[in-house]
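User: I've got a model open and I'd like to talk through how it is put together. Can you take me through it?

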Amino acid sequence: MPLSYAAEGCLRVGQTAPEFSATAVFDQEFKTIKLSDYRGKYVILFFYPLDFTFVCPTEITAFSDRHNEFKAINTEVLGVSVDSEFSHLAWIQSDRKSGGVGDLNYPLVSDIKKEISALYNVLDPEAGVALRGLFIIDKDGVIQHATINNLSFGRSVDETLRTLQAIQYVQSHPDEVCPAGWQPGDQTMVPDPIKSKVFFASV
């Protein structure tokens, strides 16, 4: 049973992801989306500091270019920053060669009131922007993975995808666990003092 966010007062893996409703830009249109709209799917929810900056467009376009790989395994991607939906739209309408992001394959969410960033404990109050938080939320709305980077370095789409695949594997194979660096097709392990020796004997 997932822990309650409200009961604990802080956000941790294993808790239900805090619900939110906000305006997003997708396909160059403004749309209201709720996290609960995606129940039944896995969600990559990632925060970034600001539109029209430097590291951010490299992350945003990387996730967009790989979007089909996430979609193929029942996963949606949502990007969030404290910018307005108008800033998001202007950035999407800017060419990548000029520092824009161009058309994206997933929504950019406006958190102009900074409420979503605060809910997910990624708001830097001094800078007034979100740190590079990334959350993998499962199809039941439970946070299974969380990372937070400082502002100066970006995240890896490859590692996000690998972690997601590991989460999905162990959820569909509850008697197995994935060792370090596990990739789809690699050997897994049975979490038992005797049975685990089969894995250790093979490496």
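User: Which residues do ring pairs link into a cluster?

Analyst: First, this is a predicted model, where local features need pLDDT of at least 70, side-chain atom pairs count only at pLDDT 80 or more, and totals for chains, interfaces and linings use all residues. Residues are numbered from 1 along each chain as its sequence is written, and side-chain values use heavy atoms, leaving out hydrogens and water. Rings of Phe, Tyr and Trp (its six-membered ring) pair if their centres lie within 6.5 Å; planes under 30 degrees apart are stacked, over 60 edge-to-face, the rest tilted. The cluster joined by such pairs is F46, Y48, F52, F63, F70, W91 and Y106.

User: How are the rings of F46 and F63 arranged?

Analyst: F46 sits in strand β3 and F63 in helix α2, 17 residues apart in the chain; helices (H or I, at least four residues) and strands (E, at least two) are DSSP runs, numbered from the N terminus. Buried means under 20% relative accessible area, exposed over 50%, partly exposed in between (1.4 Å probe, protein chains only), so F46 at 0% is buried and F63 at 1% is buried. Their centres are 4.8 Å apart with 20 degrees between the planes, and the pair is stacked.

User: And what about F30 and F86: what kind of pair do they make?

Analyst: F30 is in strand β2 and F86 in helix α4, 56 residues apart. F30 is partly exposed at 38%, whereas F86 is exposed at 55%. Their ring centres lie 5.3 Å apart and the planes meet at 85 degrees, so this pair is edge-to-face.

User: Which strands stand at the edges of the sheet?

Analyst: Two strands pair if DSSP finds at least two bridges between them. Seven strands make an open, mixed sheet, ordered β2-β1-β5-β4-β3-β8-β9. Each edge strand has a single partner, so one of its sides is left without a neighbour in the sheet: these are β2 (29–34) and β9 (143–149).

User: In what sense do β3 and β8 pair?

Analyst: F46 stands opposite L134 in β8. Four bridges join residues 42–47 of β3 to residues 132–137 of β8, and the sense is antiparallel.
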